[in-house]
Amino acid sequence: MTKLAIIGNSHVGAYVEARTAIEAAFPGLDLSFFVFPRHDLKSARHDETGLLAAVGEHNTALPTEIDLSAQDGILVVGQPFGMIGLNALLAAADVLGWADTGKSRNISPALFAAYLGNAVNLAARRLMKYFRDDGRFAYAPQPLVTDLAEAGSSKMASLAAHPEAARIFPLWHDALARVARELPCRIVPQPDHLRDSAVFTPRRLARTAALPREKTPGPADHIHMTPEYALEHFRAFAETWPELFDTTGRKSKKES
């Protein structure tokens, strides 16, 4: 039996809904889940024994604590990897040679690229430090929004609405890949086949597509994904970890 925990913010929900499909695709896999109460590492305590426990109010149906020491692997999903800082930078400055959005300050493309790379690197180091540089951890960036997401509904949506999004997101994807190469940090990005482009997720994979016809989608429904997405992303995650999974994606290597 291979024990694996999927933890993180509200994006864990898609994997919870896909649990049956994931465990069917990987026989011998035993999944556990944990959501940080306020979607931030500070809202839980990770002690030296491996226990991860919520601090304060925890209003989900999932457990309030999980023993990570008992897991063979841990996937941390929904991580912003610099999105907050990038939004703050672009709210204050335009990039020379890019679209003019009326900011009073300008920075060079080289400075923007350096800032982005540093933001992703610092985010990865923060995650690694919180989880004590444990090699059992892998980290999944937030999914891209759909093209129906409104600017301001999330940090990801605001970047997607920027007139230079087609420049920004390839730089972000490249920075994620570079950090994964340079640090002992397993990062599992959104695979190409789950993207419409460098900027967007196909509408059919977002939660809005699974809502009842009579329900009006909310802002979060364009960035939270369906169980179909979660299963396909999990397959991509398994491909990065041949020590733990059969890379054909049909079963776990460890057997009960």
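User: In this predicted model, which residue forms a salt bridge with Arg167?
Analyst: The closest N and O atoms of the pair are 2.7 Å apart. A salt bridge needs such atoms within 4 Å, so the pair qualifies. The partner of Arg167 is Glu164.

User: How many residues apart in sequence are Glu228 and Arg204?
Analyst: These two residues form a salt bridge, with the closest N and O atoms 2.9 Å apart. Glu228 lies in helix α7, whereas Arg204 lies in the loop between β10 and α7, so the pair ties together parts of the chain. The separation in sequence is 24 residues.

User: What is the relative accessible area of Arg204?
Analyst: Glu228, the salt-bridge partner of Arg204, is partly exposed at 41%. Arg204 is partly exposed too. Its relative accessible area is 48%.

User: Which residue forms a salt bridge with Arg207?
Analyst: The closest N and O atoms of this pair are 2.7 Å apart. Both residues lie in the loop between β10 and α7, 14 residues apart. The partner of Arg207 is Asp221.

User: Is Asp221 buried or exposed?
Analyst: Arg207 is partly exposed, with a relative accessible area of 31%. Asp221 has a relative accessible area of 7%. The limit for buried is under 20%, so Asp221 is buried.

User: How many salt bridges does the structure hold?
Analyst: Among the residues involved, Lys3, Arg19, Glu23 and Asp30 are linked in a network of salt bridges. Another case is Glu228 with Arg204. The count for the structure is 11.

User: In what order do the five strands of the open parallel sheet stand?
Analyst: The edges of this sheet are β2 (29–35) and β10 (186–187), each with a single partner strand, so one side of each is left without a neighbour in the sheet. Inside the sheet, β6 (residues 73–79) and β9 (residues 137–141) pair in the parallel sense over four bridges. The order is β2-β1-β6-β9-β10.

User: In β9, which residue is the bridge partner of Leu75?
Analyst: Strands β6 and β9 pair over four bridges. Leu75 has its bridge partner in β9. That partner is Ala138.

User: What angle does the direction of helix α7 make with that of β1?
Analyst: Helix α7 (residues 227–239) packs on the sheet. The helix touches β1 (2–8), β2, β6 and β9. Its direction makes an angle with that of β1 of about 120 degrees.

User: Where does His11 lie?
Analyst: His11 is buried, with a relative accessible area of 8%. Leaving out residues up to four places away in sequence, His11 touches Val77, Gly78, Gln142, Pro143, Ile223 and His224. Its place is the loop between β1 and α1 (12–17).

User: In what order do the three strands of the antiparallel sheet stand?
Analyst: The edge strands are β3 (44–46) and β5 (65–67), each pairing on one side only. Neighbouring strands are turned against each other by 10 degrees on average, direction ignored. The order in this open sheet is β3-β4-β5.

User: Which residue of β4 stands opposite Ala44?
Analyst: β3 and β4 (residues 51–54) pair in the antiparallel sense over three bridges. Ala44 stands opposite a residue of β4. That residue is Ala54.

User: What is the radius of gyration of the protein?
Analyst: The secondary structure comes to seven helices and 10 strands. The globule rule gives 18 Å for 256 residues, and the value for the protein is close to that, so it is as compact as a globular protein of that length. The radius of gyration is 18 Å.

User: What percentage of the residues count as buried?
Analyst: The protein exposes about 12,100 Å², of which carbon and sulfur atoms supply 52%. Its C-alpha atoms fill a box of roughly 60 × 45 × 40 Å along the principal axes. Of the 256 residues, the share that counts as buried is 50%.

How values were computed
Residues numbered from 1 in each chain as written. Predicted model: local features only at pLDDT ≥ 70, side-chain atom pairs only at ≥ 80, totals over all residues. Heavy atoms only, no water. Pairing = 2+ DSSP bridges. Helix = DSSP H or I, 4+ residues; strand = E, 2+ residues; numbered from the N terminus. Contact = heavy atoms within 4.5 Å. Axes fitted to C-alpha atoms, helices over the stretch in contact; angles between N-to-C directions. Rg over C-alpha atoms; globule rule 2.2 N^0.38 Å. Buried < 20%, exposed > 50% of the residue type's maximum accessible area, 1.4 Å probe, protein only. Areas by Shrake-Rupley, 256 points an atom, 1.4 Å probe, with all protein chains shown as cover. Salt bridge = Lys/Arg side-chain N within 4 Å of Asp/Glu carboxyl O.
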